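Trainee: I would like to know what stands behind the labels used for this model. Please take me through them one at a time.

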Amino acid sequence: MRMLKHLSYIGTTIFLAATPFFAGCTGSIADGVEDDDDPSGGTSSGTGGGPDNGPPDRCIPGLPTTTQIPRILNRQYDNTVRDLLGVTSVGTDSKPPSALLVTDFDGPMTPDAWRFYQDAAAQIAKAVMAGPNKSKFINCDPSASGCLTQTIQTFGRKAFRRPLTAAEVTRFEKLGQTTPAGTPDEVAEATLMGFLVSPSFLMLPELTTTQAPSGEGIQLSGYEVATRLSYLLWGSVPDDTLSAAADNNELQTKEQVLAQAQRMIAVREKTGPLVTAFHRNWAQMENGNAHWWKMDHDTETYPLYSAAAKPSWQAELDAFFEEVAFGGGSFKDLLLSNVAFVNKDNAAIYGLDPSMYGTDLTKVELDANERPGFLTRVGFLSSYAGFNATSPILRGAFIATYMLGVNPGAPDPAATMATVDGDFPTQRAYVEELTKPNSCKGCHGIINPPGFVMEGFDGIGKLQTTDPRGGAIDASVTTNIVNFGDGNVQEISSPLQLMEEIVQVQKAKQLYAQAWISYAFGRDPNGKDKCVVDMLDTKLSQSGYSILNLLADLTQADSFRVRVRETP
């Protein structure tokens, strides 16, 4: 054991000594590839559009600056070690490998983050060499002549997403030349650990310096394009087919990239997680200021409510988004599809017999007039409600802000605590009185109406015809004049009519396209990406243009194959 620790220490030292790469992502890279002095290389996050990319409200022709050396995200780390080594958990508690790491963060490597990467690598390497997945790393006798060199080259090609240089192979071979010498198995384990802590494994460096044929920017190598494709669509290393395309230099044209993208997108079990993760982001589930899953409810008012059911409600939405996408659905289907996923936790809320369902989610079709899209699912309706009442304000603010792109601004903190006394037959009547002051009308004239349209659903998402306050929920409650922006003001009387109108709103489609670009490319909205937003926005209005079509088209932007340096 002492020898193995000695070799592991030497292994990490060999790759990281005398380099500031992990301290700030600039200078010489420890794997033997050299930085081309691109200032954007100092950023280990993919976020940020760059100061010369322009404002996000108009198309500015050209290529946006991009991060040169992003660090893989924790979910990508898990996927990568799973696909390379078959490792899905570490330790006795069966947690994913990324549980050993710090949470995702921007900026240069920190001492704590680096230490946790080393600890994770050591545990993974030990588990692989002692377990059934050893052959995924080394499939020859470590003591045999040439075995270690062969392993370094073959495994290194997969781990680094490119062939190793001769200098890199030599550097890894030095692990077998230490004094005192380790056993062949110890050397193999230390070699695997060396790969798992290498910058070329933990980062996704793009260091090619070949000028693009257009004369603008740097043409990414086939290996760099393959890495972009695989980590965008699958969040993991390229498969053999994609790697072969990179080896044969068959990823240089838009058509070549599209063919691979379409092949990969069709593999639902690998692309599905991207689809669900994106839609969580688009729906603001990862926004700490949003209201998703934060509210509990009064079980006397809502006897069907159980706080323990929240994970299954979230799982339903994940399944909904994935099914819409892989069922050939388009943007409009996100707001209109009647597909739902039901189990014993939500069946009664949807008016179904819970005794017919178990803990697993079952795909069903609900009444399309009553339950169009994700905004009529239990997860949204229960999250955007109060403890013992609906919240037209929360529901309306979400729709106005995130679906229609109208930002009424943050509420007055004092107003959020305001109440009014009186006998109100419905929640609508109460909210109208609460927001009657002139200081409230500007914002709530936009927020309240779409929220009132959703009053046919109670505080946990069950259909209601009688308000808990005693009044009837009828057309007088749910019919409102809704402002959809750009002069589009209409009388809306049902959730279905509301959703049908939202899917026609140009701003809603623009927001969806922009969200995909920002999520996929890790850039803040900017003028140069706005050109791609406009292209996708136009296509979203075309009949038959699916979510998966959009996903493939993300790879067709010139900026997917070419990068530019940020102007100092």
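This is a predicted model: local features need pLDDT of at least 70, side-chain atom pairs count only at pLDDT 80 or more; totals for chains, interfaces and linings use all residues.

Trainee: Why is the contact of K134 and D185 called a salt bridge?

Mentor: The term requires a side-chain nitrogen of Lys or Arg within 4 Å of a carboxyl oxygen of Asp or Glu. For K134 and D185 the N to O distance is 3.7 Å, so the pair qualifies. The structure holds 21 salt bridges.

Trainee: What makes K134 and D185 a link between distant parts of the chain?

Mentor: K134 sits in helix α5 (residues 134–137) and D185 in helix α8 (residues 184–196), 51 residues apart. Helices here are DSSP runs of H or I with at least four residues, numbered from the N terminus.

Trainee: Why is K134 called partly exposed?

Mentor: Buried means under 20% relative accessible area and exposed over 50%, with partly exposed in between (1.4 Å probe, protein chains only). K134 has 24%, so it falls in the middle class. D185, at 41%, is also partly exposed.

Trainee: What does the salt bridge between R263 and D239 tie together?

Mentor: Their N to O distance is 2.9 Å. R263 lies in helix α12 (residues 254–265) and D239 in the loop between α10 (222–233) and α11 (240–247), so the pair ties together parts that are 24 residues apart in sequence. R263 is partly exposed, at 27%.

Trainee: What is the space in the second largest pocket, and which residues lie nearest its centre?

Mentor: The space is about 1100 Å³, a volume being what is filled by probe spheres set on grid points joined across faces, edges and corners. A pocket is an open set of points on a 1 Å grid over the protein atoms alone, with protein on both sides within 12 Å along at least five of seven lines; the probe is 1.4 Å, and lining residues have an atom within 4 Å of a point. Of the 42 lining residues, I393, L394, A397, P411 and T416 lie nearest the centre.

Trainee: Which element gives the largest share of that lining?

Mentor: Helix α17 does, with seven residues.

Terms used: Residues are numbered from 1 along each chain as its sequence is written. Side-chain values use heavy atoms; hydrogens and water are left out. Helices (H or I, at least four residues) and strands (E, at least two) are DSSP runs, numbered from the N terminus.
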